[in-house]
Amino acid sequence: MSDYKNLPTWKRGMSFAHTVYAAVEAAGAKGTDAGTRLRKAAVSVPSLVGEAFLDLSGADVTEALSLAERKLAEVANLLTSEPALVQIPDADRESLLADLTALRAELAQLRADRSGETAH
């Protein structure tokens, strides 16, 4: 599947990245190291999903999607433990974490579908 922009997971990843960018901006953390790391990790997710569906096959696809899952774990860690991001309102943080959980499940399913594994 070369048209990755039609993948629901890619679309959800892009929406998630936009939401992360907006939350960092609203919290005044745009210029901080934590804000930069958070934004980079979030934008990596749809990028890696797209990469997995361009010219990759087999283990390369699985690796790209696994890396996307690790980037989501990095986002979760930053959202829950980085003091510089405390200005993100709790409601926004909880919404981001809920979106992250849904996206993580989609990535796991997509990886399983592509590799023939069973998602957990």
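Trainee: Before we look at this model, what does buried mean?

Mentor: Buried means under 20% relative accessible area. Please keep in mind that this is a predicted model.

Trainee: Is Trp10 buried or exposed, then?

Mentor: Trp10 has 15% relative accessibility, under the 20% limit, and therefore counts as buried.

Trainee: How many aromatic pairs are there?

Mentor: The count is 1 aromatic pair. Tyr4 and Trp10 form it, with an edge-to-face arrangement. Their ring centres are 5.6 Å from each other, and the planes make an angle of 75°.

Trainee: What is Pro46 in contact with, leaving aside its neighbours within four places in sequence?

Mentor: With that exclusion, Pro46 is in contact with Trp10, Gly13 and Met14.

Trainee: Changing topic: what about helix 2 and helix 3, at what angle do their axes cross?

Mentor: The axes of helix 2 (residues 33-52) and helix 3 (residues 59-81) cross at roughly 160° and come within 8 Å. Helix 2 and helix 3 are therefore roughly antiparallel. The crossing is left-handed.

Trainee: Which residues make the contact?

Mentor: Helix 2 contributes Arg37, Leu38, Ala41, Ala42, Ser44, Val45, Leu48, Val49, Glu51 and Ala52. From helix 3 come Val61, Ala64, Leu65, Leu67, Ala68, Lys71, Leu72, Glu74, Val75, Leu78 and Leu79. Of the residues in this contact, 16 are nonpolar, 1 is polar and 4 are charged.

Trainee: Let me pick Val75 from helix 3. Is Val75 buried or exposed?

Mentor: At 0% relative accessibility, Val75 counts as buried. Not counting residues up to four places away in sequence, Val75 touches Phe16, Leu38, Ala41, Ala42 and Leu100.

Trainee: What separates the C-alpha atoms of Val75 and Leu38?

Mentor: The separation is 5.8 Å, for residues 37 places apart along the chain.

Trainee: Last one: why are helix 2 and helix 4 described as roughly parallel?

Mentor: Their axes cross at roughly 15° and come within 13 Å, with helix 4 covering residues 90-115. Angles under 35 degrees count as roughly parallel, so helix 2 and helix 4 are described that way. Helix 2 passes helix 4 in a left-handed crossing.

Trainee: And which residues make that contact?

Mentor: Val45, Val49 and Ala52 of helix 2 make it with Leu103, Leu107, Leu110 and Arg114 of helix 4. The residues involved are 6 nonpolar, no polar and 1 charged.

Terms used. Residues numbered from 1 in each chain as written. Predicted model: local features only at pLDDT ≥ 70, side-chain atom pairs only at ≥ 80, totals over all residues. Heavy atoms only, no water. Phe/Tyr/Trp six-rings, centres within 6.5 Å; stacked < 30°, edge-to-face > 60°. Buried < 20%, exposed > 50% of the residue type's maximum accessible area, 1.4 Å probe, protein only. Axes fitted to C-alpha atoms, helices over the stretch in contact; angles between N-to-C directions. Helix = DSSP H or I, 4+ residues; strand = E, 2+ residues; numbered from the N terminus. Parallel < 35°, antiparallel > 145°, perpendicular 65-115°, else oblique. Left-handed = near helix turned anticlockwise from the far one by under 90°. Contact = heavy atoms within 4.5 Å. Nonpolar A, V, L, I, M, F, W, Y, C, P; charged D, E, K, R; others polar.
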